[in-house]
Amino acid sequence: MELPKEKILEKTINKMQIHFTKTITIIICTLIMSILAISISVHVHTKKNKHKSQHAKVKYSSTTTYDGIDISHHNGNVDFTRLPKHIKFIYIKATEGATYLDPKYKKYVKDARNNRFKIGSYHFFRMTSSAHTQFANIKKNIKKGEQDLIPMIDVETSDKHSKAELQDSLSVLIKLMEDYYGSKPLIYSSMQIYNTYLAPKFNNHILYIGRYDSKPPQINGSPKHIFWQFSEKGKVKGIKRNCDLVKMPKGFEISTIYK
């Protein structure tokens, strides 16, 4: 039976409306997906830029060769009478873990102070012993009356412990040292180890960062002061073996780290 022309027209119009509705729906969905994609891209780009901008921007003198050095028994015999007088500070390795005392520590401290160099002592932190047993070793050997500078903790290994475990144990040691010596200890680490395990939790400390490069350390977050250990192969008069060389931040007052 043949449909009336009116019914045919009505049916055709209905089909066109359905097709139009589907087309509009597809267009709207496509627009929404495009807007979401753009929004996500902008968010990710912003986040990346924000992360980059959080790197500390510390300036260093382009003319100063080095401001200070750090030494241990690996440097061998040191003739402190021949050391350059422009050296503003010397950090000397004292202890490591719960029992170790650097065999050159006491002689270095005595000779450096006799030659009127400002000295501080550092402890090599290990996760193989507790913070309390390490502090006992520190307290026994790093004498308050023999220090010109705030003590420093050297963090170079996690000893296969997690970031959280390392941070917890280090925080305990820092509190023990701060209570005993009266100041927050400096923290030494390589740029890679610090950014991996310590940043930004310990950025309120004066940092002493090793990066053997022409570019200064880039530290996540916004630490205010970063000493830059820029070479481990320095040649210093009075020291036969290679020596670590360090620059202070531009404008930094050395008295800030006086004990």
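What follows is a short chat about helix packing and aromatic contacts in a predicted model.

Biologist: Start with H5. Which residues of helix H5 are buried?
Modeller: Helix H5 covers residues 191-198, and its buried residues are Met191, Tyr194 and Leu198.

Biologist: Why do they line one face of the helix?
Modeller: Looking down the axis of H5, the buried residues fall within an arc of 90°, so they line one face. In general, an α-helix has 3.6 residues a turn, so residues three or four places apart point the same way.

Biologist: What covers the buried residues of H5?
Modeller: The cover includes helix H4 (163-181). Strand S6 (186-190) and strand S7 (207-210) are also among the covering elements.

Biologist: On to H4. At what angle do the axes of H3 and H4 cross?
Modeller: Roughly 35°, and the axes come within 9 Å. H3 here is residues 131-141.

Biologist: Right-handed or left-handed crossing?
Modeller: H3 passes H4 in a right-handed crossing.

Biologist: And which residues make the contact?
Modeller: From H3, Ala131, His132, Phe135, Ile138 and Lys139. From H4, Ser169, Val172, Leu173, Leu176, Met177, Tyr180 and Tyr181.

Biologist: New topic, rings. How many aromatic pairs are there?
Modeller: The count comes to 12 aromatic pairs. One of them joins phenylalanine 89 and tyrosine 91. That pair is edge-to-face, 6.2 Å centre to centre, with 65° between the planes.

Biologist: Are those two buried or exposed?
Modeller: Both phenylalanine 89 and tyrosine 91 are buried.

Biologist: What about tyrosine 188 and tyrosine 208? Why is that pair edge-to-face?
Modeller: Their planes lie at 65°, and over 60 counts as edge-to-face, so the pair qualifies. The ring centres are 5.7 Å apart.

Biologist: Where do the two sit in the chain?
Modeller: Tyrosine 188 is in strand S6 and tyrosine 208 is in strand S7. They are 20 residues apart, and the pair links distant parts of the chain.

Biologist: Why do they count as buried?
Modeller: Tyrosine 188 has 8% relative accessibility, so it counts as buried. Tyrosine 208 is at 0%, so tyrosine 208 counts as buried too.

Biologist: Which residues form the aromatic cluster?
Modeller: Phe89, Tyr91, Tyr188, Tyr208, Phe227 and Phe252 form one cluster.

Biologist: Last one. Which ring does the charged end of lysine 247 sit over?
Modeller: The ring of phenylalanine 230, with the charged end 5.5 Å from its centre.

Biologist: And lysine 201, which ring does its charged end sit over?
Modeller: The ring of phenylalanine 202, 5.9 Å from the ring centre.

Technical notes
Residues numbered from 1 in each chain as written. Predicted model: local features only at pLDDT ≥ 70, side-chain atom pairs only at ≥ 80, totals over all residues. Heavy atoms only, no water. Buried < 20%, exposed > 50% of the residue type's maximum accessible area, 1.4 Å probe, protein only. Helix = DSSP H or I, 4+ residues; strand = E, 2+ residues; numbered from the N terminus. Arc of directions from axis to C-beta. Contact = heavy atoms within 4.5 Å. Phe/Tyr/Trp six-rings, centres within 6.5 Å; stacked < 30°, edge-to-face > 60°. Lys NZ or Arg CZ within 6 Å of the ring centre and 35° of its normal. Axes fitted to C-alpha atoms, helices over the stretch in contact; angles between N-to-C directions. Left-handed = near helix turned anticlockwise from the far one by under 90°.
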